Amino acid sequence: MNGITLEAPYLDTDADQLSFALGHPVRDALAVRDLTVDGLDVQLRLLGASHQVCAGPVRETVACLPGVRGGLPDTATHDFDGWHYSFGARVDEHPASGFGAEVARIRDLADAHPRALYGVFPGSADAVTALTVERDGTGLTWRTWHTYPRSRRIVATHTRLEAR
């Protein structure tokens, strides 16, 4: 099982408050999972309703960052020394009748994944932040989900880091 109940209180922020940053300093984490995937050190970090992934030359942060305006890009790319990075994000809104089932699907996916971490916030079983990472050809891919029960929105991100 890759899920943990987080000690931090659940604060129902919203998807629009998340921002994206590369190279942002490492932030205090509620939970961390260190992995090695195909020889590359990876750190999955839960930051409350947000995440950081540190993989090779990349430090990706999707979070409510002080002083940074909210809003995620649909896509972003960047070239690092010997690596190509691509990021994508989408926000899906779910009907009340389907939101809990979608959150359960995300939790099941993360539970079954060999390289995952997810946190459930006290006070709402549907308030989840989940991350998975896997080898993908000449690089890595990671996926994240941030769920917001009050608005029934789920932010899903997909990142690929590929050796050039």
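**Exercise 1. Work out how many disulfides this predicted model has, and why Cys64 forms none.**

Start with the rule: a disulfide is a pair of cysteine sulfur atoms within 2.5 Å. Applied here, that gives zero disulfides. Take Cys54: it is in no disulfide, and the nearest cysteine sulfur, that of Cys64, is 18 Å away. Now look from the other end: the sulfur of Cys64 has its closest cysteine sulfur in Cys54, 18 Å off, so the two are too far apart for a bond.

A quick word on the ground rules. Because the model is predicted, local features need pLDDT of at least 70 and side-chain atom pairs count only at pLDDT 80 or more, while totals for chains, interfaces and linings use all residues. Residues are numbered from 1 along each chain as its sequence is written, and side-chain values use heavy atoms, with hydrogens and water left out.

**Exercise 2. Decide whether Cys54 and Cys64 are buried, partly exposed or exposed.**

First, the cut-offs: buried means under 20% relative accessible area, exposed over 50%, and partly exposed in between (1.4 Å probe, protein chains only). Cys54 has 16%, so Cys54 is buried. Cys64 comes out at 30%, so Cys64 is partly exposed.

**Exercise 3. Find out how the rings of Phe80 and Tyr85 are arranged.**

Rings of Phe, Tyr and Trp (its six-membered ring) pair if their centres lie within 6.5 Å; planes under 30 degrees apart are stacked, over 60 edge-to-face, and the rest tilted. The model has two aromatic pairs by this rule. In the Phe80 and Tyr85 pair, the centres are 6.3 Å apart and the planes sit at 90 degrees, so call it edge-to-face. As for cover, Phe80 is buried at 17%, and Tyr85 is buried at 0%.

**Exercise 4. Describe strand β2 and how it joins β6.**

Helices (H or I, at least four residues) and strands (E, at least two) are DSSP runs, numbered from the N terminus. Walk along β2, residues 19–22, and the side chains alternate.

Next, the pairing: two strands pair if DSSP finds at least two bridges between them. β2 and β6 (residues 58–63) run antiparallel, joined by four bridges. For Ser19, the bridge partner in β6 is Ala63.
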